[in-house]
Amino acid sequence: MNKSAPLVDAYLHKGLREKLVLLLREKGITDENVLTAIGKIPRHFFLDSAFDKIAYEDRAFPIAADQTISQPYTVAYQTQLLQIKKGDKVLEIGTGSMYQTSVLAEMGAQVFTIERQKQLFDKTAKYVFKDLYLNVQFFFGDGFEGLPDLAPFDKILITAAAPHLPEKLWAQLKTSGKMIIPLDESETAQRMMRLTKKRDGSVKKEAFDQFSFVPMLQGKTQK
Ligand code: SAH
């Protein structure tokens, strides 16, 4: 999050945001609740001030600790696949910039989000919307472990490239719950998958487009 410059959401930003929403519609995003949330949340608040004017381009940008804020299209795509309903209990793996977290919170989900990079987690203490979104809780830890004490979850969203289906996360999903996971197909590309837990515990798999994410890594950093 931008610490140096004051956080101002100007007409310029609002205009750029409207254009971004139009672009996402053109690219095939149809969930009105997703589009409304993206139209509302100042993405430039989650980036360094150097990105102020380009924050609404449909691109990923670097944040701290060599990580990225996901491209808006990717955020919209994953959120749409999750079929978020108000009150859904959602576990997000990879807090990163807190932008995706904010989209989920704006849509009325109860969000539990985990980050393994201490440098990024430490920024969550200054979450710009902490007084607005009381439905968000931040955790420092390894997303492969999930949050067993708070399970089960209605939805699980993985925002980093997963080498395989994390078993412990699957166990923390409710029956009929959905997990959105970008699964490695090669070193540089992931297949977006929606996994639904059937009544008998087996998995219904649906495959979508290819994306490119930073890797989901084991363990957590010390600093
Ligand atoms: N949702 C974020 C995307 C950030 S990129 C956003 O909108 O900005 C992916 C994030 O996943 C990075 O911050 C990375 O540090 C984190 N990550 C990778 N492996 C992880 C793991 N095992 N547990 C928790 N976070 C992880």
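## Helix 2

In this predicted model, helix 2 covers residues 32-40. Its buried residues are Val34, Leu35, Ala37 and Ile38. Seen down the helix axis, they fall within an arc of 160°, so they line one face of helix 2.

What do these buried residues pack against? Their partners are helix 1 (11-26), helix 3 (72-82) and helix 4 (99-106). The N-terminal end of helix 2 has a cap, Asp31. A side-chain oxygen of Asp31 lies 2.9 Å from the backbone nitrogen of Asn33.

## Helix 1

Start with length. Helix 1 has 16 residues, and at 1.5 Å a residue it should span 22 Å. Its end C-alpha atoms are 23 Å apart, which agrees.

Which residues of helix 1 are buried? They are His13, Arg17, Leu20, Val21 and Leu24. Down the axis of helix 1, these buried residues fall within an arc of 100°, so they line one face of the helix. They pack against helix 2 and helix 3.

Now turn to the face of helix 1 that points away from its buried side. Here sit the exposed residues Tyr11, Glu18, Lys19, Leu22 and Glu26. After helix 1 comes Gly28, with a positive phi, near 110°.

## The nonpolar cores

In soluble globular proteins, nonpolar side chains tend to be buried together. In this model, the largest nonpolar core has 48 residues. Ile38 and Phe46 have the most contacts inside this core. Ile38 is also one of the buried residues of helix 2.

Which elements give two or more residues to this core? They are helix 1, helix 2, helix 3, helix 4 and strand 5 (136-140). Helix 3 gives the most, with six residues.

## Gln67

Where is Gln67 found? Gln67 sits in the loop between strand 1 (61-62) and strand 2 (68-69).

Is Gln67 buried or exposed? Its relative accessible area is 16%. Buried means under 20%, so Gln67 counts as buried.

Which residues is Gln67 in contact with, leaving aside its neighbours within four places in sequence? They are Phe61, Pro62, Gln117, Leu120 and Val214. Phe61 and Pro62 lie at the positions of strand 1 (61-62).

Notes:
Residues numbered from 1 in each chain as written. Predicted model: local features only at pLDDT ≥ 70, side-chain atom pairs only at ≥ 80, totals over all residues. Heavy atoms only, no water. Buried < 20%, exposed > 50% of the residue type's maximum accessible area, 1.4 Å probe, protein only. Helix = DSSP H or I, 4+ residues; strand = E, 2+ residues; numbered from the N terminus. Arc of directions from axis to C-beta. Contact = heavy atoms within 4.5 Å. Polar contact = N/O pair within 3.5 Å; in protein donor to acceptor, adjacent residues only side chain to side chain. Expected span 1.5 Å × (residues − 1). Core = buried A, V, L, I, M, F, W, Y, C linked by side-chain atoms within 4.5 Å.
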